[in-house]
Amino acid sequence: GTTIKEWAKWSIDPYYTWTSRQFIYFISAAVLCKGRIALMLYVTVSSFVLLKAFSLLYLNNSKSSQTFIVFVLMLFPFDALMTAGWSCTITTYFGPAAFALMALVPIKKALLSEKINVMTFIFYCFCLIYGANLEQMCIVVLFCYLVAVIYFFIKKKISWQILCLFILSVLSTVYIITCPGNRNRSIHETIQWFPTYNMLDTVDKADVGLSTTFRWMFASGNILIIATCIIMAYFVWKRYNEI
């Protein structure tokens with residue numbers, strides 16, 4: 001469809017049959033409908049948000065640090081963004097992940113006792129709602145805000161903004177867990193792609209998950225993971241001077 005009403009219908013209908021990603025699907029429909037220029041604009045905005053989030057979360061804002069952040073993004077294996085088609089994969093995973101990271105910035109600001117004005121706070125709320133609409137990022141956001149709330153409560157430094165964002169992350173999680181479409185999709189895809197999955201015990205399932213993940217990270221030549229491991233090894237060596 002070519003109208004906002006049709007995009008909304010296309011994104012809401014799968015709630016009972018396929019997914020809880022209503023916000024993500026709405027944006028995806030708009031980008032798909034508007035074509036190449038819209039996709040270019042979406043990638044530009046998402047990349048800027050991602051880099052800005054890294055910059056704001058980083059402790060050092062020097063020019064060399066900014067350059068380092070850009071190079072880290074350039075290490076990302078962009079061929080991963082074509083697995084379900086460029087538009088669908090970018091709008092489903094890359095963009096929401098960028099906005100979800102931006103939604104973590106208020107934690108950093110609270111740690112440094114920095115004020116957040118109302119309009120900026122509304123923007124962070126949008127980032128959280130949109131980013132946490134992706135299940136994987138919802139787990140990351142919920143965990144980070146749970147730790148933040150506990151930490152600030154112990155330090156007696158809790159703020160209403162952190163509490164609001166924590167509640168939003170909880171509501172996002174509840175929305176995903178209670179979505180009937182997610183259960184239906186899980187059953188459908190298990191039957192289609194792994195019909196013997198339910199015959200595996202817990203140890204076998206863990207083995208499949210871990211071996212698949214480690215293969216993708218370390219055996220497929222993922223330059224981002226390799227570079228990260230080298231950087232971490234260097235920092236550990238600099239810190240302890242011990243092999």
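Predicted model: local features only at pLDDT ≥ 70, side-chain atom pairs only at ≥ 80, totals over all residues.
Me: How many helices and strands does the chain have?
Reply: Helices (H or I, at least four residues) and strands (E, at least two) are DSSP runs, numbered from the N terminus. Here there are twelve helices and zero strands. The C-alpha trace of the chain spans about 50 × 45 × 40 Å along its principal axes.

Me: How do I read the crossing of α2 and α5?
Reply: An axis is a line fitted to C-alpha atoms, for helices over the stretch in contact, and angles run from 0 to 180 degrees between N-to-C directions. The axes of α2 (residues 22–34) and α5 (residues 86–102) come within 9 Å and cross at roughly 135°. Angles under 35 degrees count as roughly parallel, over 145 as roughly antiparallel, 65 to 115 as roughly perpendicular and the rest as oblique. The two helices are therefore oblique to each other.

Me: Which residues make the contact between α2 and α5?
Reply: Contact means heavy atoms within 4.5 Å. From α2 come I24, S28, V31 and L32, and from α5 come S87, C88, T91, T92 and P96.

Me: Is S87 buried or exposed?
Reply: Buried means under 20% relative accessible area, exposed over 50%, and partly exposed in between (1.4 Å probe, protein chains only). S87 has a relative accessible area of 18%, so S87 is buried. S87 touches L32 and L39, not counting residues up to four places away in sequence. In the chain, buried residues make up 35% of the 243 residues.

Me: Which residues touch the most other members of the largest nonpolar core?
Reply: A nonpolar core is a set of buried Ala, Val, Leu, Ile, Met, Phe, Trp, Tyr and Cys residues joined through side-chain atoms within 4.5 Å. The largest one has 42 residues, and M102, L128, Y145 and I162 touch the most other members. Elements giving two or more residues to this core include α2, α3 (36–57) and α5. Leaving aside neighbours within four places in sequence, M102 is in contact with V49, K52, A53, L56, F123, Y124 and C127.

How values were computed. Residues numbered from 1 in each chain as written. Heavy atoms only, no water.
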